[in-house]
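Please read it alongside the sequence and the model.

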Amino acid sequence: MEALCLGCVLAAVLTWGFLCFWDSAERMKTAEQAGLLKSGSRTLLVIAHPDDEAMFFAPTVLGLARLKHRMSLLCFSAGNYYNQGEIRKKELLQSCDVLGIPTSRVMIIDNSDFPDDPGVQWDTEHVANILLQHVEVNDINLVVTFDAGGVSGHSNHIALYTAVRALHSEGKFPKGCSVLTLQSVNVLRKYLFLLDLLWSLLHTQDILFVLTSEEVAQAKRAMYCHRSQLLWFRRLYILFSRYMRINSLHFL
């Protein structure tokens, strides 16, 4: 019995210490990143499907909110793979509201050119043209999207990176417009977020956003807005995935 009590006390102390370390790391990183990410920037999050914003990018959206960024969102499909497009569009707007992105700054592209289908390759030039027009019209100076791995390997995610990379390498973005891509990690790092936090703090990335416990709860509320997608394995994802708590990003 004494051993059990001692074990519980030790676990409580370790948990408390880790949470203190977590919040301290979050504050430190925010201070450092304020110099890299100009306060008040007009930022565009580019996603492929409704729920990407909460499932993968919530730490980035909430982290940029700390820096007073004016967030907009461009979603390239309605997520109509299972004929749920109208439902999923409404869920996206609800999730964005939880994350602090107003409906007036959310655009959802719903046409046959960009089907929600991992078996279909989106046309890079078409994606790039729409994205560039959105950036120019809204005077965007920071674009955030997936990296070459697409986090989950989904071809629609990767198509966004390919288009953004092409615009960046060809110098077509307006002067002063930067691009951040969300780092894809292996399965072990994706789901062992406590160990992954230590790994992320000790290894180089351009930007690291770590959510506080209150912000994690906010990210979960955003994800729960996507009720049509809450199958059992996504509920496990919400509990264990790093992307609900940590985002590592790199500049192009």
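Two strands count as paired if DSSP finds at least two bridges between them. The model described here is predicted. By that pairing rule, strand S4 (residues 142–146) and strand S5 (residues 178–182) pair in the parallel sense over five bridges.

**Sheet**
- Leu142 has Ser178 in S5 as its bridge partner.
- Seven strands form an open sheet with mixed pairing, in the order S3-S2-S1-S4-S5-S7-S6.
- Strand S3 (106–108) and strand S6 (207–210) are the edge strands, each pairing on one side only.
- On average, neighbouring strands of this sheet are turned by 20 degrees against each other, direction ignored.

**Helices on the sheet**
- Helix H3 (residues 58–66) packs on the sheet and touches strand S1 (42–47), strand S2 (70–75), S4, S6 and strand S7 (246–251). The direction of H3 makes about 95 degrees with that of S6.
- Helix H8 (residues 193–202) also packs on the sheet, touching S6 and S7, and its direction makes about 30 degrees with that of S7.

**Helix H10**
- In helix H10 (residues 232–240), the buried residues are Arg234, Tyr237 and Ile238. Seen down the axis of H10, they fall within an arc of 100 degrees, so they line one face of the helix.
- These buried residues pack against helix H2 (52–55), helix H7 (187–191) and helix H9 (213–224).

**Cysteines**
- With a cut-off of 2.5 Å between cysteine sulfur atoms, the count is zero disulfides.
- Cys96 is buried at 0% relative accessibility; its sulfur is 8.5 Å from the closest cysteine sulfur, in Cys75, too far for a bond.
- Cys225 is buried, at 10% relative accessible area; its sulfur lies 9.3 Å from the closest cysteine sulfur, in Cys96, also too far for a bond.

Notes. Residues are numbered from 1 along each chain as its sequence is written. This is a predicted model: local features need pLDDT of at least 70, side-chain atom pairs count only at pLDDT 80 or more; totals for chains, interfaces and linings use all residues. Side-chain values use heavy atoms; hydrogens and water are left out. Buried means under 20% relative accessible area, exposed over 50%, partly exposed in between (1.4 Å probe, protein chains only). Helices (H or I, at least four residues) and strands (E, at least two) are DSSP runs, numbered from the N terminus. The arc is that of the directions from the helix axis to the C-beta atoms. Contact means heavy atoms within 4.5 Å. Axes are lines fitted to C-alpha atoms, for helices over the stretch in contact, and angles run from 0 to 180 degrees between N-to-C directions.
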